[in-house]
Amino acid sequence: MTVTIVGSQLGDEGKGGVVDLWGDAVDVVARYQGGDNAGHTVVEDGTEYKLSLVPSGAVRGKVGVLGNGCVVNPATLFEEIDDLRERGLDPDVRVAQRAHVILPYHRVLDGIEEDVKSESDQEVGTTGRGIGPTYEDKAGRRGIRVGDLLDPELLREKLEYVVPQKQRLAEDVFGVETGEEFDIASLYEEYKRYGERLADEEMTVDSGEFLTDRIESGDQLMFEGAQGTLIDIDHGNYPYVTSSNPTAGGAATGTGLSPGVVGGGDIVGIVKAYLTRVGSGPLPTELGGVEGDTPGYDEQGEGENEELAEYIREEGGEYGTVTGRPRRVGWLDVPMLRHSARTNGFTGLAVNHIDVLSGLDEVKAAHSYDLDGDERDTVPATTERWADCEPNYRTFDGWEDVDWSHVAEEGYDAIPENARTYLEYVSDELDADIYAVGVGPGREETVVVENPLE
Ligand code: GDP
Ligand code: IMO
Ligand code: MG
């Protein structure tokens, strides 16, 4: 049995918490895309873990796999593993030999491209982790893979081919002076050492083979998506996207298992009860705005709903896990969720953060869009048209702030009635059952309706 956890919106929906919630019944948690641009939070007995690369099952001591679809920065991976060990965990992480490696020059190039784009207000607002440039090299067939780190001669050969190209790109095309990030000898020494540690700790695997063996031995697998559907490179609002496929199809290509294996299990959409976005790009239901990220902010300023945005941002602690940037905030966008449900085939939903909205007189959700006088119930295929969409809102009566831990203990019926009305609206529109409702950040602050693994 497998369960795939997918962000249904723009990332930060609370995926890490859901992986942890059901993690007890899981044997292996595999990430299938992305890299250390992710920031997944798990809160166990008041202790908070913010995980970037180590799969969130580590908090419960489960085996983690970084599948072939991931991009791995060994420096941050080992730092994270060492930090977690210091905190008393013992992460058992396996890394696919086919996964691509993020090198220091990828981060530099990520920064350069964003700077150049910002001159014409086209920056994406990336996390600066070198994610895009690494996937570019993968598609360009010049990337360095985890398996290459285990073979020093091959590593040197590949560095000698690729690094001078990258250096010329930085210096001759972008006119930026380069430093040690482009020095073949020091890159070789550093990355060879990472290869030695990967080998010493027997961390590398053929992920498809490893995971298939685990399934055959009766293990339960969870696939932990990073980012979200609307920042998927194919199904998101390109170019304001990440460079991988967070959507459920990515769980097959990014692990080496067949689509049948992934589709044979549950696919759970993680939904934040409102919207947040880190970085640029349209957001039709945005309340307020964030300087530098909200398009048109310089001309329009904060917008009339800034106070409400600020309230939700503070109540929800909506600041980026990786970058610390304030997240843009908006009302729930149901056309977005319909697009997401179609793309991913959700069999169930986990809706988080309903506690954050408590105490408001009313809560809104975009039910459809108005686009040039026509009503649309899903997201247009071009980002420019999406930006033209005007939300048609449904208004729900608000719900009171209650003792949410008590609600989590009592179960679904203890959720305030108006919040249940809102949840049932979402479930009906997406034709998927509610499996869990997040009422706070902690593991115990979740109403579990159904555990897909039991
Ligand atoms: P992820 O990237 O999808 O794993 O989500 P993040 O960890 O980046 O962001 C989610 C944030 O909300 C974290 O700080 C979580 O601890 C917190 N969180 C998750 N679920 C809930 C919830 O139901 N209520 C509240 N108040 N916070 C939550
Ligand atoms: P988790 O897994 C929210 C956003 C960045 C930027 C765009 C591209 O915690 O949900 P990148 O560095 O990937 O090239 O940046 O994608 N982004 C995220 N936003 N949550 C994330 O991950 C994100 N990972 C990337 O802010 O707009
Ligand atoms: Mg996050």
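Predicted model: local features only at pLDDT ≥ 70, side-chain atom pairs only at ≥ 80, totals over all residues.
**Ground rules.** I number residues from 1 along each chain as its sequence is written, chains are lettered from A and ligands numbered from 1 in the order in which they are written. Local features need pLDDT of at least 70, side-chain atom pairs count only at pLDDT 80 or more, and totals for chains, interfaces and linings use all residues, while side-chain values use heavy atoms, with hydrogens and water left out.

**Entry 1: the metal.** I looked up what coordinates the magnesium ion (ligand 3). The ion is held by Asp12 (OD) and Gly39 (O), at 2.0 to 2.2 Å. Donors here are N, O and S atoms within 2.8 Å of the metal (3.2 Å for Na, K and Ca); water is not among the atoms, so the site may look incomplete. Asp12 sits in the loop between β1 (2-7) and α1 (15-22), and Gly39 in the loop between β2 (28-31) and β3 (40-44), 27 residues apart. I note that helices (H or I, at least four residues) and strands (E, at least two) are DSSP runs, numbered from the N terminus.

I then checked cover. Buried means under 20% relative accessible area, exposed over 50%, and partly exposed in between (1.4 Å probe, protein chains only). Asp12 is partly exposed because its relative accessibility is 23%. Gly39, at 14%, counts as buried.

**Entry 2: salt bridges.** Side chains of opposite charge can pair when their charged atoms come close. The rule asks for a side-chain nitrogen of Lys or Arg within 4 Å of a carboxyl oxygen of Asp or Glu. I get 29 salt bridges by this rule.

I picked out Arg60 and Asp24, whose side chains meet at 3.9 Å, N to O. Arg60 lies in the loop between β4 (47-51) and β5 (63-66) and Asp24 in the loop between α1 and β2, so this pair ties together parts 36 residues apart in sequence. Arg60 is partly exposed at 23% relative accessibility, and Asp24 is exposed at 55%.

Lys50 forms a salt bridge with Glu48, and their closest N and O atoms are 3.9 Å apart. Both count as partly exposed: Lys50 at 43% and Glu48 at 41%.

For Arg385 and Asp388 the closest N and O atoms are 3.3 Å apart. Both lie in helix α13 (residues 383-388), 3 residues apart, about one turn of the helix. Arg385 is partly exposed at 32%, as is Asp388 at 41%. I also note a network in which salt bridges with shared partners join Asp20, Asp24, Glu44, Arg60 and Arg443.

**Entry 3: a charged patch.** Which residues gather in a patch of negative charge on the surface? They are Asp45, Asp403, Glu409, Glu410 and Glu444. Patch residues have over 30% relative accessible area and no salt bridge, and like charges are joined within 9 Å. Glu410 belongs to helix α14 (residues 404-410) and is exposed, with a relative accessible area of 53%.

Entry 4: In α1, 7 of its 8 residues are buried. Among them are Lys15, Val18, Leu21 and Trp22. Asp20, named above in the network, is also one of the buried residues of α1.

Asp333 is buried, with a relative accessible area of 0%. The C-alpha atoms of Asp333 and Thr285 are separated by 6.7 Å, though the two residues are 48 apart along the chain.

Terms used
Patch = residues over 30% accessible without salt bridge, like charges linked within 9 Å, V, L, I, M, F, W, Y side chains within 5 Å. Areas by Shrake-Rupley, 256 points an atom, 1.4 Å probe, with all protein chains shown as cover. Lys, Arg positive; Asp, Glu negative; His and termini not counted. Charge placed at Lys NZ, Arg CZ, Asp CG, Glu CD.
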